[in-house]
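Please look at the structure below together with its sequence, and keep both in view while reading.

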Amino acid sequence: MTSALRTAVEFARAARRVVVTTGAGMSKESGIPTFRDAPNALWANYNVEDLATRGGFRRDPALVWRWYAERRTMIAAARPHEGHIALARWEERCDSFVVLTQNIDGLHAAAGSKNVVELHGNIFRYTCFDRGHDVEGPFPQDATPPRCACGSLVRPAVVWFGESLDPAHLETADAALSSCDVLVVVGTSGLVYPAAGFALTARERGARVIEVNPEQTPLTEIADVFVPGGARTILPELVPQTG
Ligand code: BJW
């Protein structure tokens, strides 16, 4: 065991109130590519503005619908890995445990995590573009976005750039970050706000911050300890098995 991992394990063992925040790297070893890691990045052959903004959907709804339909098919076939399962087991041992995930794939819940906040939504839910009505799926995954009863096009219930996150989710995150002993940051590039601000918030409010990622990120200098490696290997080693 490396000394970084040993330090992280000590912090984890001592913690009763835990927050884990996850990004796309958490799901990579379940077979779901990340957004920004070459060569198989989800955005590799696209402009981000065309896929993850309201303007992009307005310009070419069929392109966006098709891109999410392909991701939905891939995600539906994915299963949680040992890292997801380790987090779900850890939750059972803590006084308070919250997963604040940027991922839209539902894998934390599939692994058995109970207290999960899906900050950027969920790819298996739908909403209408113009008025934000909840729309019941599933839909045929062909190239044409369906329409809501109000006439608007239907879109995935995810959060795009320039859109606000659910205020209730932000309140939950803020309360959890204010009272946790440890924040574990897993598999995010730390580029997208507000999630990118969680490490600093937790640190300023007295929590230990552990980062798990094969690569250093802008969050590494905020973290108390950086544990290099993949989520699937590191998280089962990090989580206390006794006590
Ligand atoms: C592994 C691994 C392994 C590899 N194990 N790890 C403050 C300052 C500046 C700008 C802003 C700000 N506040 C808000 C903004 C604007 C904007 C923003 O952040 N822009 C930045 C780009 C500068 N934010 C917003 O617009 C947000 N809305 C908002 O704040 O509303 C109010 C507001 C609006 C405008 C201005 C000001 C305030 C909404 C953000 C929504 C992001 N949506 C997306 C798409 C979701 C739907 C979908 O999935 O399609 O969310 S974009 C995309 O990026 C997705 C991700 O959740 C998000 C983060 O990506 P993530 O998860 O970090 O993935 P990667 O690929 O970047 O990184 C993967 C990492 O894994 C890497 O580090 C690898 O090393 C690692 N890894 N293998 C562990 N095995």
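Gly137 lies in the loop that runs between strand S5 (134-135) and strand S6 (154-158), where helices (H or I, at least four residues) and strands (E, at least two) are DSSP runs numbered from the N terminus. This is a predicted model, in which local features need pLDDT of at least 70 and side-chain atom pairs count only at pLDDT 80 or more, while totals for chains, interfaces and linings use all residues. Residues are numbered from 1 along each chain as its sequence is written, and side-chain values use heavy atoms, with hydrogens and water left out.

- Gly137 is partly exposed, with a relative accessible area of 27%; buried means under 20% relative accessible area, exposed means over 50%, and partly exposed lies in between (1.4 Å probe, protein chains only).
- Gly137 and Leu183 are 46 residues apart in sequence, and their C-alpha atoms are 35 Å apart in space.
- Pro140 is also placed in the loop between S5 and S6, and with a relative accessibility of 58% Pro140 counts as exposed.
- Between the C-alpha atoms of Pro140 and Val185, which are 45 residues apart along the chain, the separation is 36 Å.

**The ligand and its surroundings**

- Around the ligand there are 35 residues, of which Arg36, Tyr68, Arg71, Thr188 and Ser189 come nearest; a residue is near a molecule if one of its heavy atoms lies within 4 Å of it.
- The residues of this shell divide into 16 nonpolar, 12 polar and 7 charged, where Ala, Val, Leu, Ile, Met, Phe, Trp, Tyr, Cys and Pro count as nonpolar, Asp, Glu, Lys and Arg as charged, and the others, Gly among them, as polar.
- Helix H2 (25-28) and helix H5 (61-76) each supply at least two residues of the shell around the ligand.
- An oxygen atom of the ligand lies 2.6 Å from a polar side-chain atom of Arg36, and a nitrogen atom of the ligand is 2.8 Å from a polar backbone atom of Val159.
- For Gly187, a backbone N or O atom lies 3.2 Å from an oxygen atom of the ligand.
- On its own the ligand has 1500 Å² of accessible area, and the protein covers 77% of that area, with accessible areas coming from the Shrake-Rupley method with a 1.4 Å probe.

**Arg155 in strand S6**

- Arg155 has its place in strand S6, and Arg155 is buried, with a relative accessible area of 4%.
- A polar atom of the Arg155 side chain lies 2.4 Å from the backbone oxygen of Val158.

**Asp105 and its loop**

- Asp105 is found in the loop between strand S2 (96-101) and helix H7 (107-111), and at 9% relative accessibility Asp105 counts as buried.
- Asp105 and Thr127 are 22 residues apart in sequence, and their C-alpha atoms are 16 Å apart in space.

**Cis peptide bonds**

- The peptide bond from Ala38 to Pro39 is cis, with omega near 0°, and Pro39 is placed in the loop between H2 and helix H3 (48-51).
- Tyr193 and Pro194 are joined by a cis peptide bond, for which omega is about 10°, and Pro194 is placed in the loop between strand S7 (182-186) and helix H9 (198-204).

Notes:
A polar contact is a pair of N or O atoms within 3.5 Å; within protein, one must be able to donate a hydrogen and the other to accept it, and residues adjacent in sequence count only if both atoms are side-chain atoms.
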